[in-house]
Amino acid sequence: MSSRIPRHASRALRQVARASRAPITASRTFSTSSSQYATAAVASSISIPTSYVSPTKPPSARPSETRKSQLIRTYTSLLRTAPLVLFLQHNNLTAQEWASIRRELRAALAAVPAPAGQTVDIVPDVTLNVLRTRMFSVALKIVSFFDAKAASTKTPLVHDLSEAAYNSIKEIEVPESSAYAEVAPLLVGPTAALVFPAVSPAHLAAALKVLAPGPAGSATAPPARKKNPGYYEPLCQNGLAKLLLVGGRVEGSVFDVDGVRWVGGIEGGMEGLRAQLIGMLQSAGLGLTSALEAGGKSVWLALEGRKVQLEEEQGDKKWESS
């Protein structure tokens, strides 16, 4: 067993250890303080210009960190990118009713065969969202009336939350023929939006079969009970009874309920619509050609008749003179 160190000897050893660590601590303290002074000197020598604008957080007329501002940015992006939006009024739907409606909507959209020439499946990107009506109205005003290109000649800040955008919608007098004036009456009370990433009449008809079914035999007739029993569950039917289709926005144009049903009833989808348009143009061209040809024929017949009449008169004069 090793002998113990006497108490006075251990006290002397501790004093020696403290004395040896003191220079190291002093050098560390000096180096830390000198680096802090150097950093402060460099920071004081660098001056940020007053016109500097942060690329990640530019100045805005609204507080950018609030939920309302983020909703405005979300809604403006939705209105610029979504070509087809349906507006529905809802009244006190429960979470279970919303879940059952979304379930039936996904099932109906998934059953639609992919249109010819379409390689991307749009069903996962179709969403049914509850709107904050006031914020959506502000976003619709910005999209409809704010011209960022024209405003960029006066100020470099032309984003959706900028002061230029705020002033443009604050001072605007809404024309009665604008899309905003047509959509604004629909945004009354609790409103939901069914957003499609592309205009597909087949998928629109499938959604209308669930949300706003038409009469039996039509393109938007409700599904049969045997084929889709979940649609007729009391929970789903109670939720659908609280939904009302009020209109839609297709490629920037506003449609009422009948117009939305017409878009959903186009046979063959967009290809069928193009075929109908080509047929109308061809028939119009044939009608114009026939009208011009008929006018030319009538002029030719009139001239020929006058020619024959003059020849007969000249023949009669020669016979009388002889």
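Helix α2 passes helix α4 in a right-handed crossing; a crossing is right-handed if the near helix is turned clockwise from the far one by less than a right angle, and left-handed if anticlockwise. Helices here are DSSP runs of H or I of at least four residues, and strands are runs of E of at least two, numbered from the N terminus. The model is predicted: local features need pLDDT of at least 70, side-chain atom pairs count only at pLDDT 80 or more, and totals for chains, interfaces and linings use all residues. Residues are numbered from 1 along each chain as its sequence is written, and side-chain values use heavy atoms, with hydrogens and water left out.

Helix α2 spans residues 67-81 and helix α4 spans residues 133-145. The two pack at an angle of about 50 degrees, with their axes 8 Å apart. Axes are lines fitted to C-alpha atoms, for helices over the stretch in contact, and angles run from 0 to 180 degrees between N-to-C directions. The helices are therefore oblique to each other, the class left after roughly parallel (under 35 degrees), roughly antiparallel (over 145) and roughly perpendicular (65 to 115). On the α2 side, the residues that meet α4 include Leu71, Ile72, Tyr75 and Leu79. Their partners in α4 include Phe136, Ala139, Leu140 and Val143.

The protein has 11 helices and five strands. Of its 322 residues, 29% are buried, meaning under 20% relative accessible area (1.4 Å probe, protein chains only).

Helix α8 (residues 201-211) is largely enclosed by the rest of the structure, because nine of its 11 residues are buried. Among them are His203, Leu204, Leu208 and Leu211.

The largest nonpolar core has 32 residues. Such a core is a set of buried Ala, Val, Leu, Ile, Met, Phe, Trp, Tyr and Cys residues joined through side-chain atoms within 4.5 Å. Elements giving two or more residues to this core include β1 (84-90), β3 (191-196) and β4 (243-250). Helix α8 gives the most, with six residues. Leu86, Leu194, Phe196 and Leu211 have the most contacts inside the core. Leu86 touches Leu194, Phe196, Leu204 and Leu208, among others; contact means heavy atoms within 4.5 Å. Apart from this core lies another, of 28 residues, including Phe145 and Ile169.

Asn228 sits in the loop between α8 and α9. Asn228 is buried, with a relative accessible area of 17%. Its side chain makes a polar contact of 3.2 Å with that of Glu104. A polar contact is a pair of N or O atoms within 3.5 Å; within protein, one must be able to donate a hydrogen and the other to accept it, and residues adjacent in sequence count only if both atoms are side-chain atoms.

Definitions and conventions:
Buried means under 20% relative accessible area, exposed over 50%, partly exposed in between (1.4 Å probe, protein chains only). Lists of a residue's contacts leave out its neighbours within four places in sequence.
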